[in-house]
Amino acid sequence: MSQLVVENVTVAIGQESILKNIHFTVETGQLIALIGHNGAGKSTLMKTIMGWQEKQEGNISVQGIDQDQEFLHYKRQIAYIPEEPFLLSELTAMQHFQLYGKSYQLSEEKLNQKVEELTNLFEIKDKLNVYPESLSKGMRQKVQTICALLPEVDLLLIDEPFMGLDIHAAAALQQLLLEKTQGGTSILLTSHQLDRINQVADKYILLDKGEIREYDEMANFDTITRRTSQ
Ligand SMILES: Nc1ncnc2c1ncn2[C@@H]1O[C@H](COP(=O)(O)OP(=O)(O)OP(=O)(O)O)[C@@H](O)[C@H]1O
């Protein structure tokens, strides 16, 4: 079954057309890499799927739940890790986790178990009571990443997941993403790190000036790069 269906989506910001007629699906348990030059429209597409950016035309659904018709129900199926950590200055790391746990209706027991597991994995267990301003950039990203990994959602959207993470955390995240897909979660991520993408993605979408140029198996990516650079 298609987890995410994006049909003929068009986005303009002011007079500028940013996404043109975007059309693709992501199947259950697939990991799709969204690639393209700076400014190609990758983050805008993520934000549009999240409902943070308004679309002018088209439809988006997750598990058959339409974004426009049942927004709250739709949104509960998705977790998002934005490119820039988006943390509240008045909340500690643990309070962020609790806020996410509440909004995705996790039981306290499940939340505590996952916080324990993920803060151990990302080596920030000693930072639970620390406010964002006292965390390093990479630690803020870890907190944001953990927030999105707490709920069991159908669709995970991740903007540049590996950027800013240390080697240990990047490897741990890579493993975790693969485990998530094996459990049936679909993942759409953007990345400029081709070596990582090659290791995790099933397929890639090549976005160019707001349009999809290629949507193919990851295994074909090298061939295409060579062909287009000749
Ligand atoms: N809030 C905004 N107002 C005006 N233009 C915007 C806004 N957000 C994005 N854009 C424009 O939309 C286009 C796509 O930007 P977007 O951030 O989606 O690109 P990207 O592919 O994620 O790039 P990068 O790889 O640099 O992160 C760019 O031309 C950018 O200038």
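Good morning. Among the elements that cover the buried residues of helix α3 are α4 (108–121) and α5 (137–149), contact here being C-beta atoms, placed from the backbone, within 7 Å. Helices are DSSP runs of H or I with at least four residues, strands are E runs of at least two, and both are numbered from the N terminus.

Two remarks on the source. This is a predicted model, in which local features need pLDDT of at least 70 and side-chain atom pairs count only at pLDDT 80 or more, while totals for chains, interfaces and linings use all residues. Residues are numbered from 1 along each chain as its sequence is written.

Which residues of α3 are buried? In this helix, residues 93–103, they are Ala 93, His 96, Phe 97, Tyr 100 and Gly 101; buried means 20 or more other C-beta atoms within 10 Å of the residue's own, these atoms being placed from the backbone. Viewed down the axis of α3, the buried residues fall within an arc of 135°, so they line one face of the helix. That arc is taken over the directions from the helix axis to the C-beta atoms. Just after α3, Gln 105 has a positive phi of about 55°.

I turn to strand β6, residues 78–81. Ile 78 and Tyr 80 on one side, and Ala 79 and Ile 81 on the other, are all buried. Strand β6 runs parallel to β7 (residues 155–159), to which 4 bridges join it; pairing requires at least two DSSP bridges. Ile 78 has Leu 155 of β7 as its bridge partner.

Definitions and conventions:
Buried ≥ 20, exposed ≤ 12 C-beta atoms within 10 Å, placed from the backbone. Contact = placed C-beta atoms within 7 Å.
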